[in-house]
Amino acid sequence: MNSGAQANVSIKSGTNNWHGTGFEFLRNDTMDARGFFLAPNQNKNKLRRNQFGGVFSGPIRKDSTFFLVNYEGRRERRGTPSRTTVPTMAMRSGDLSEILIPGNRWYPREANPAVTRAIRRPGDTAPFPNNIIPRSQINPVSLNILTATKGSPLPEGGFMPQPNFDNEAKAAGSTLNLAGTNDQVLDSNQYLTRIDHRINDNQRLFGRYVIVPSRWLNNPLLRVSQFTTQFRAQNIGVGHSWMLSPRVLNDLRVGYNRIRANQVAFQTNTDFTHRDLGLDMRVTGDGNRTLTPREEGLPNINITSFAGIGSGNVTFNTNETAEVADSVSINRGKHNFKFGGQWRHSPVVNEASNQPRGQITFTPDITGIPDAFGAYLLGIPLNANSAEGVPTNDMHQEKAGFYWLDDWKATSRLTVNFGVRWDWYGAVTDAGGRIRNLSFANADMRTVNGVSYPMLVPNPLKVEPLYDINKKQYMPRLGLVYRFGERMVLRTGSGLFYSPQQTNNFNILGLNPPFSGSTVFQNDRTRPTATIQNPFLGAPVGAGPAALVMLGWLKADRGNRSMYLNNKIWQWTMELERSFGQRFVTGIAYVGSAGSHLDMPVQNANNPDPGLGAVQNRRPVQFYVDSTAPNQLLALGTVRRLESWTNSNYHAMQMRAEKRYSGGLTFNASFNYQKAMYIGYGVNEGGPFGNSYTQDPRNRLADYGRSQIDQRFRFVFSHVWEIPWMRKAKGPAGWVLGGWSINGIIQMTSGLPVTVSQNGDSQNTGPSSFSRPHIAAGSTVERVWEGRTIDRWFNTAAFVRSKCDGCAGEGLYLGPTGYGNAGVSLFDAPGQKTWDFACFKEFLPKEGHRIQFRYEAFNFLNTPQFSAPSRSLGAADFGRIGGTLVNNREMQLGLKYIF
């Protein structure tokens, strides 16, 4: 029931003999290299990692009942080097004179900053002398956030760390003035037991139980956003294999999986409230209530060009899966038939939201305040979102599937594998009736004053499916294997796969009113009325939720009701495999896939095109109604459209060479030349350097480009060499010189794609926007820039800010709409080149016993593996690389005893 990769894990059973393994692996920063971006006076990145445990198995009753028990523990304390940007000490006191200096590090591209970055209060004509805001003019709430001690995790107090690397950063022309580490603490235990029982010659029974409790503390460099996750996973599995006849085998599996995760922030369940700072962020969608102690903390505070602050998120999640699967295998001469089915029930209880405490955003877009930190000190935000709290959903979905296949030995050279599968995925529903949908279905549209409007349905606490399902999920499969001779084989195959949409998509529907939902306010840019202590003063953008959620893929033949289709993936491959001798195999293959109906939300579906004037008055749909009061028009702001609409394609040439184990040596080498194309925003991908939203919600095809996980080249070489010299020698010579082996993994990959965005809202499209810049006239952006350095990885001069026609401030308007013409995934982040090396030494104290000592080094050559550069136009460090993806060399020592 999944179109992605499948991982099959086999747990060994016990035998009539006693077997066991004990192990300990140790990592310590004493043995490691310094991080590349560590400040000269900064300690080496911290690492203390112990991984230990053992497995023991044997008979309970000889020849019939066996057991296996396992324990594995992990204790890790890690500090990863990091740098970020915080306000200077002078800025914190109100002194913003540095940004007036030509070529300053904050606005290096500014032609005349003394004019364009002079700060004044809105309504005043004269700027503050020398750009210094008097302390009496600094907003008291802004000052509290900088200095308050209650609830602060910082030793100096406040919720915004002070710089510790500013003189060095300024000398280098850099804004990365806070250096330190992202710290993590992990304590994990895993317990496993398995029982196998032989009922008779034809029947086998097994049962297993696994429990993994763990605790993870994530304490980033800013410290304010730290959180702790208590995690516990449990799995029970029972299987019964029954050979009904020499040609018929029945295999029954029953399993249950439960994962519980509880994440809390630093201020959770303490006596701190953000009202202590002068803030008051309420859950407007739930009766305008205040936050509970579980929800409490600092709201997200975003300041353009600086690291955002805010308390860590709070979530509670229990994810369960119960499954029954049965298969029957039948052998009939040249045919091996297999058919079966499975049923799966997947309830998820989730307490979470995107903005549990709300959000306040400061940008350089307020008239007279062309610097975001200046706006923060004066306490004048551009926009704000009220708190969503932590609402509860109890999601349920039933799944069932049936399949049939045949392995047919058509001739002595040709084998054909063909079959079909059918899956049924029921609609996801909330047992408490807390999820609702902004519906554009004909039956739900409401006409008021002669105009039709969408309706938020169903009534609260009513349980009903919100979308139609696809009942025709038939998936054919075909595979062919043709043997040309003793040494060459052609393998080819193709299949269709459906994958159920992630349940979290439907959890988000629980953020609709009345149980949650955030109200958004966007300040008037020329005559601002909102302040940090009252960010919702005046008329909000939508007079209601910041974002309503709707299910897309509306089907006209179903009355415009949503048919939220599941991912549909075609996959195919063809490989020519050639062996040389008995132990060397090569292969060259073409692999491809095409996906459709991939889930990809349109986060800004109701945003207007770039233009002048109030955002709300320009939205495509300005009002909606609620089924609880269907005749009352409510202002409609941002719409998050959950859509299964986008397509993907992937093509690759894959080459491999394998030396099977002989003479103590085995190795595998593989090379991929590949390309993946997609319209994607990081929902189901791992690509970290792409965009979050589509720029133009009515022209989503303009965001078609390289997938965020597209690596053009990838080479991997792994090997194990058991050095044969004196391997069986006895006595001291054998102890010292025998039993050595060398292992390694070499990886070389091209970089992941990078998409350039721009900060602020010069397009005037409102919150939940993702604007991109223009490519400057006559400029090109190369996938790999020849003049790249870590201080300027790509041609930053090729990008120009986009803005709406007539909008004030820097930038360029290009018609017809004003959206940026820079595409997605234009250039590559740095490639990766790593060599993980290991050296093993085995001792044989007696027959059937081994002691293995291991030395392992990750990133053995200590080559910095750089991350992507800063990629937001307008950021002071635009184009500069400030971190690594992989740590510098880490070494590990291990000891195993096996009998």
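Trainee: What should I know before I start reading off residues?
Mentor: Residues are numbered from 1 along each chain as its sequence is written, and since you'll look at side chains, those values use heavy atoms, with hydrogens and water left out. The model is predicted: local features need pLDDT of at least 70, side-chain atom pairs count only at pLDDT 80 or more, and totals for chains, interfaces and linings use all residues.

Trainee: OK, Thr88. Where is it found?
Mentor: In the loop between β3 (65-84) and α1 (89-92). Helices (H or I, at least four residues) and strands (E, at least two) are DSSP runs, numbered from the N terminus.

Trainee: Is Thr88 buried or exposed?
Mentor: Thr88 is buried, at a relative accessible area of 3%. Buried means under 20% relative accessible area, exposed over 50%, and partly exposed in between, with a 1.4 Å probe and protein chains only.

Trainee: Which residues does Thr88 touch?
Mentor: Not counting residues up to four places away in sequence, Thr88 touches Glu98, Arg105, Trp106, Pro163, Asp166 and Asn177. Contact here means heavy atoms within 4.5 Å.

Trainee: And what does the side chain of Thr88 reach at 3.1 Å?
Mentor: The backbone nitrogen of Met91.

Trainee: Switching to strands. How do β6 and β7 pair?
Mentor: β6 (residues 227-245) and β7 (residues 248-265) are antiparallel, over 18 bridges. Two strands pair if DSSP finds at least two bridges between them. A hairpin of two residues joins β6 to β7, and Met243 stands opposite Leu249 in β7.

Trainee: How many bridges join β7 to β9?
Mentor: There are 16, and β7 and β9 (residues 315-332) run antiparallel. Tyr256 stands opposite Ala322 in β9.

Trainee: What about the sheet with β18 in it, in what order do the strands come?
Mentor: The order is β18-β21-β30-β31, an open sheet of four strands with mixed pairing. The edge strands, each pairing on one side only, are β18 (437-439) and β31 (629-635). Strand β30 (residues 623-626) pairs with β31 in the antiparallel sense over three bridges, and Phe623 stands opposite Ala635 in β31.

Trainee: Now the largest nonpolar core. Which residues touch the most other members?
Mentor: Ile145, Phe159, Ile303, Phe373 and Tyr376, out of 44 residues in that core. A nonpolar core is a set of buried Ala, Val, Leu, Ile, Met, Phe, Trp, Tyr and Cys residues joined through side-chain atoms within 4.5 Å.

Trainee: Which elements give two or more residues to this core?
Mentor: α3 (140-147), β8 (300-303), β12 (359-362) and α5 (372-378). α5 gives the most, with six residues.

Trainee: What is Ile145 in contact with?
Mentor: Leaving aside neighbours within four places in sequence, the contacts of Ile145 include Phe159, Leu277, Ile301, Tyr376 and Ile532. Apart from this core lies another, of 17 residues, among them Phe689, Leu752, Val756 and Phe878.

Trainee: Last one, Arg871. Where does it lie, and what does it touch?
Mentor: Arg871 lies in the loop between β45 (865-866) and β46 (872-873). Not counting residues up to four places away in sequence, Arg871 touches Pro688, Phe689, Val754, Thr755, Val756, Ser757 and Phe878.

Trainee: How close is the backbone oxygen of Pro688 to a polar atom of the Arg871 side chain?
Mentor: 3.2 Å. Arg871 is partly exposed, with a relative accessible area of 25%.

Conventions:
A polar contact is a pair of N or O atoms within 3.5 Å; within protein, one must be able to donate a hydrogen and the other to accept it, and residues adjacent in sequence count only if both atoms are side-chain atoms.
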